[in-house]
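Visitor: Hi! Could you walk me through this one?
Guide: Happy to, let's bring it up.
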Amino acid sequence: MVRVSPSVQTALAAGEPVVALESTVLTHGLPRPANLDLGRRLEAVVRESGAVPATIAIIAGELTVGIDDDTMQHLAQSQAAKASLWNLASLVANGDDAGTTVAVTLHAAARAGIAVFATGGLGGVHLDPYDESADLTALARDSLVTVCSGPKSVLDAGATLERLETAGVPVAGWRSDHLAGFLTPTTPLAVPVRCDEADEVATLFHTHRDLWLSGGVVLSRPEPSGLAADVLRDLTQAAHADAHAAGVRGKDLTPYLLERLAVRSDGATVQANLRLLEGNARLAAEIARAIAAQRERRAASTSPNEVSA
Ligand code: PSU
Ligand code: MN
């Protein structure tokens, strides 16, 4: 039920580094035409950095790993749905088009055998009104390294980090001891592990798997050019007040809040979002290369006394 494009299939079969990319950021996360430019740019950045990009989306009811440029154009200009885990089967059964959230992108990428995924901000926990993204479910289930800039700033970062701890998902700070704050470089929250080199991330990932632990690893990369924390906090509070006044909830909440942040900041949040997405795609390609290199070394020296996952 997962269709993998020929170029991604070939790369995976050859053990080459592949980076999965999500598509809800194209269909719901960014205004047009910045969304299409960004989708193309992220694929180019992954290629420049020595890996094969696989943008994932639902096209006419097919969960597709690796879409072509025509399809990306179609998706960026259409009224596609937003696919999370609870509506995935119905979207596929109805033959719909949809952007895939982190949750569905992880699900599809894991089935295809991809080890690394780049996104902007994770879905997570918002306490009041209570909302919890299925992104957390997929992070706890599917074994990939997800490179992001922390939870989206519209969420409760502390509560999201607690849920990741409960789910047993390692959260590594990229050259940082603190969780990234999405549109602002960092939060005051300490992460359990810090990685300064791509090879350390690859080791963490392989060790997690060797221990038969389920789920993936979150790599949190602070975007240095982000907004000041107090500026973002005020914008976020105002965006939440807008959502409350407009009665927006459920799956519409995240896109609505991102849109309100963009309007209220005169586009500054969109610019920050674009920069962090690009940086995360570049880092993800580097991590994918490190994982591929370690796999080769490990294949050459398998110990006979160990059962491996
Ligand atoms: N971060 C962004 N833009 C986005 C999203 C995250 O900068 O559009 C999307 C991701 O696809 C994420 C989804 O998986 O929002 C989470 O939505 P929800 O909170 O409804 O699960
Ligand atoms: Mn929700």
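Visitor: How do the residues of the lining of the largest pocket divide into nonpolar, polar and charged?
Guide: They divide into 10 nonpolar, 15 polar and 7 charged. Here Ala, Val, Leu, Ile, Met, Phe, Trp, Tyr, Cys and Pro count as nonpolar, Asp, Glu, Lys and Arg as charged, and the others, Gly among them, as polar. This is a predicted model, where local features need pLDDT of at least 70 and side-chain atom pairs count only at pLDDT 80 or more, while totals for linings use all residues. Residues are numbered from 1 along each chain as its sequence is written, and side-chain values use heavy atoms, without hydrogens and water.
Visitor: Which residues are closest to the centre of that pocket?
Guide: Of the 32 lining residues, Lys82, Thr101, Ser133, Lys152 and Thr254 are the closest. On a 1 Å grid over the protein atoms alone, a pocket is an open set of points where a 1.4 Å probe fits, with protein on both sides within 12 Å along at least five of seven lines, and lining residues have an atom within 4 Å of a point.
Visitor: OK, switching to ligand 1: which residues are closest?
Guide: Glu22, Lys82, Val102, Ser133 and Asp135 are the closest of the 15 residues that surround ligand 1, each with a heavy atom within 4 Å.
Visitor: And what lies 2.7 Å from an oxygen atom of ligand 1?
Guide: A polar side-chain atom of Asp135 does, and a polar backbone atom of Val102 is also 2.7 Å from a ligand 1 oxygen.

How values were computed
Chains are lettered from A and ligands numbered from 1 in the order in which they are written. A polar contact is a pair of N or O atoms within 3.5 Å; within protein, one must be able to donate a hydrogen and the other to accept it, and residues adjacent in sequence count only if both atoms are side-chain atoms.
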